[in-house]
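Please look through the structure shown here before reading the briefing that follows. The notes are grouped by topic for a reader who is new to it.

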Amino acid sequence: MERFLSFAKKELLHILRDKRTMLLLLGMPIAQIVLFGFAISTEVGNTKVAILDLARDEASRRIERDLDASRYFEVVAHLEDAAEVEPLFRRGKASLVVVFQDGFRESLLRDGSAEIQLIADATDPNTATVFLQYATSVATAYARENQPPAAAPVGIVPQVRLLYNPQLKGAYNFVPGVLGMMMLLVCAMMTSISIVRERETGTMEVLLVSPVRPIFVILAKMAPYFLLSCVNLATVLLVSVFVLDVPVAGSLPALVLVSFVYILLALALGLLISTIAATQVAAMLVSGMAFMLPVILLSGMMFPVESMPAALQWISNAIPARWYIAAVKDVMIKGLGFQSVAKELAILSGMTVFFVAVALKNFKTRLE
Amino acid sequence: MNVIETERLTKRFGDFVAVDRLDFQVARGEIFGFLGANGAGKTTAMRMLCGLSVPTSGTERVAGFDIGRQTESVKKSIGYMSQKFSLYDDLTVAENFRLFGGIYGVPSREIPSRTDEMLELLDFRSEKNTFVKSLPLGWKQKLSFSIAIFHRPGVVFLDEPTGGVDPVSRRRFWELIYEASDRGITVFATTHYMDEAEYCHRASIMVDGRIEALDTPARLKQAHGAASMDEVFRNLARKATRRAD
């Protein structure tokens with residue numbers, strides 16, 4: 001035990017002495033979460049809307065007012081002719097055009113439904129889909145209010161209700177994503193680099209000759225990064241609750257537990273990388289290319305897993321971050337508890353055991 | 001009393017016999033030079049003696065323990081200094097002593113006094129809290145050696161300890177080795193410098209995985225009618241059929 005402690009202390013000294021890296025490790029999660037939360041946002045805010053009102057009746061003007069009043073839309077132009085639509089998009093003056101057909105109000109009141117044409121600039125499909133949803137809900141709300149009570153409802157008006165994240169805030173998606181990415185970065189990359197460094201400098205050989213059991217060397221390396229990751233977890237949660245207004249809706253213990261398992265998994269991955277990579281640079285590249293990219297692209301952090309092609313969905317099953325991110329979303333955003341993340345917990349634990357086993361086996365063969 | 005004893009110690013990698021039936025003994029307090037060209041099998045043999053590699057066949061006893069069955073006890077009673085300089089650069093001199101003292105089970109209250117003692121010996125007192133990375137190479141190597149014998153091992157293995165340092169520093173380094181040997185620590189060293197081979201009590205020369213010659217430097221020179229160890233070494237190494245790696 002004393003041996004282990006003097007060892008863990010040494011690892012902590014390595015980290016503390018390398019001030020730049022430490023600042024990077026502690027500062028990066030905050031920078032990432034703020035960046036993703038504010039700058040790289042998929043939220044819809046102040047979308048420029050142009051109106052092509054061929055109806056010019058009370059109903060169309062009312063919907064226009066509603067749109068303009070909401071903080072998501074800003075009416076910037078009134079068009080006279082459909083031919084004006086394209087030049088407008090080209091010049092980037094508006095990203096949404098709302099077209100009311102002639103006789104809009106009559107049709108609405110007579111049939112209980114009427115058509116609004118929404119033309120969206122879909123070069124940014126994410127934004128396009130989101131504001132189409134908004135605009136639709138504004139229009140349907142008006143239709144509902146103004147239906148004469150006597151008239152029987154004809155036709156089906158879709159009522160879209162968004163659960164859990166009604167304002168479609170980007171932060172709700174990114175907080176779990178950043179957590180999933182950052183843990184991997186800190187744990188997998190840093191652990192693998194620090195083990196490979198010892199091999200490169202020759203200190204690993206000296207340690208292996210010594211009476212310290214290799215498993216203690218490894219555990220002592222992991223302990224400080226585990227600690228660091230807990231600090232990062234805490235800062236990310238604090239920033240997301242107090243700065244980004246993303247609450248932890250569900251059970252905090254469940255969130256912490258699943259995070260711990262994920263950190264262990266990332267540490268095991270780091271160990272595994274260290275048994276493959278011969279140099280520190282290689283370790284960095286392997287963790288960067290082989291682990292970061294799939295996490296960003298396939299874990300559901302950027303693009304929803306459900307909308308991927310089947311083959312990629314299948315591959316994404318093998319990506320630990322996918323399960324972690326899903327679990328964090330369940331707990332943080334949907335406000336669920338332990339039972340709901342049991343499956344993810346089981347999968348992550350299984351993966352951890354698997355990686356540890358493979359890494360230890362590789363580690364032993366490397367010694368020979 | 002012998003500190004190292006091997007019997008038909010062999011290591012095979014597939015069809016390749018890296019170390020072929022080594023039989024030798026090293027006595028307590030002896031300075032034993034383990035010579036051989038690159039690829040002759042020195043490093044493999046030394047790795048087996050340190051417990052880093054498992055022999056294919058044969059037995060080896062180090063510090064009175066069977067290395068296959070009592071690995072832990074062997075590891076506690078040997079010291080090791082590797083070819084590469086291998087202390088922690090970003091720790092201070094004293095922190096390196098504390099770390100390795102801790103690893104080898106030196107009681108923690110004894111570590112400070114032993115550290116001072118060692119630094120006294122090296123004339124290093126002023127560098128106690130210096131980061132190792134800012135020391136010159138010659139000093140680092142002396143420090144490595146001191147750390148390898150800090151826990152007072154029965155035998156210390158040195159793998160080309162003086163690579164890359166100037167002759168004056170090498171000379172000083174060997175003074176440290178003599179001092180350790182006077183205190184009863186057996187020194188087992190590989191080297192490529194034949195002037196250093198002259199300093200050893202006994203030296204062995206490996207050729208193609210086998211020990212071709214083993215005796216005191218004086219008697220080796222006599223037997224080969226040579227003026228220096230360098231000549232003896234060239235005589236024997238010429239017979240090698242294996243390519244150096």
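The axes of helix 1 (residues 2–17) of chain A and helix 3 of chain B come within 8 Å and cross at roughly 150 degrees, where axes are lines fitted to C-alpha atoms, for helices over the stretch in contact, and angles run from 0 to 180 degrees between N-to-C directions. Helix 1 of chain A and helix 3 of chain B are therefore roughly antiparallel to each other, in a scheme that counts angles under 35 degrees as roughly parallel, over 145 as roughly antiparallel, 65 to 115 as roughly perpendicular and the rest as oblique. This is a predicted model, in which local features need pLDDT of at least 70 and side-chain atom pairs count only at pLDDT 80 or more, while totals for chains, interfaces and linings use all residues. Residues are numbered from 1 along each chain as its sequence is written, and chains are lettered from A and ligands numbered from 1 in the order in which they are written. Helices (H or I, at least four residues) and strands (E, at least two) are DSSP runs, numbered from the N terminus.

**Where the two chains meet**

- The crossing of helix 1 of chain A and helix 3 of chain B is left-handed; a crossing is called left-handed if the near helix is turned anticlockwise from the far one by less than a right angle, and right-handed if clockwise.
- Between the chains as a whole, 19 residues of chain B are in contact with 18 residues of chain A.
- The elements that give two or more residues to the side of chain B that touches chain A are helix 2 (71–76) and helix 3 (93–103) of chain B, and helix 3 of chain B gives the most, with four residues.
- That side of chain B is made up of eight nonpolar, five polar and six charged residues.

**The sheet of chain B**

- Chain B has an open sheet of four strands in the order 2-1-4-5, with antiparallel pairing; two strands pair if DSSP finds at least two bridges between them.
- The edge strands are strand 2 (16–27) and strand 5 (65–66) of chain B, each of which pairs on one side only.
- Strand 1 (residues 2–13) of chain B is joined to strand 2 of chain B by eight bridges, and Lys11(B) has Val19(B) as its bridge partner in strand 2 of chain B.
- Strand 1 of chain B also pairs with strand 4 (residues 57–62) of chain B, in the antiparallel sense over five bridges, and here the bridge partner of Thr10(B) is Ser57(B).
- Strand 4 and strand 5 of chain B are joined by two bridges and form a hairpin with two residues between them, where Ala63(B) in the turn has a positive phi of about 55 degrees.

**The sheet of chain A**

- Four strands of chain A form an open sheet in the order 2-1-3-4, and the pairing is mixed.
- Strand 2 (73–79) and strand 4 (116–120) of chain A stand at the edges, each with a single partner strand, so one side of each is left without a neighbour in the sheet.
- Strand 1 (residues 47–53) of chain A pairs with strand 2 of chain A in the parallel sense over six bridges, and Val49(A) stands opposite Val75(A) in strand 2 of chain A.
- Helix 3 (residues 58–69) of chain A packs on this sheet, touching strand 1, strand 2 and strand 3 (96–100) of chain A.

**Helix pairs within each chain**

- Helix 10 (residues 252–276) and helix 11 (residues 280–298) of chain A pack at an angle of about 125 degrees, with their axes 9 Å apart, which makes helix 10 of chain A oblique to helix 11 of chain A.
- The axes of helix 5 (residues 137–148) and helix 6 (residues 167–182) of chain B come within 10 Å and cross at roughly 15 degrees, which makes helix 5 of chain B roughly parallel to helix 6 of chain B.

Terms used. Contact = placed C-beta atoms within 7 Å. Nonpolar A, V, L, I, M, F, W, Y, C, P; charged D, E, K, R; others polar.
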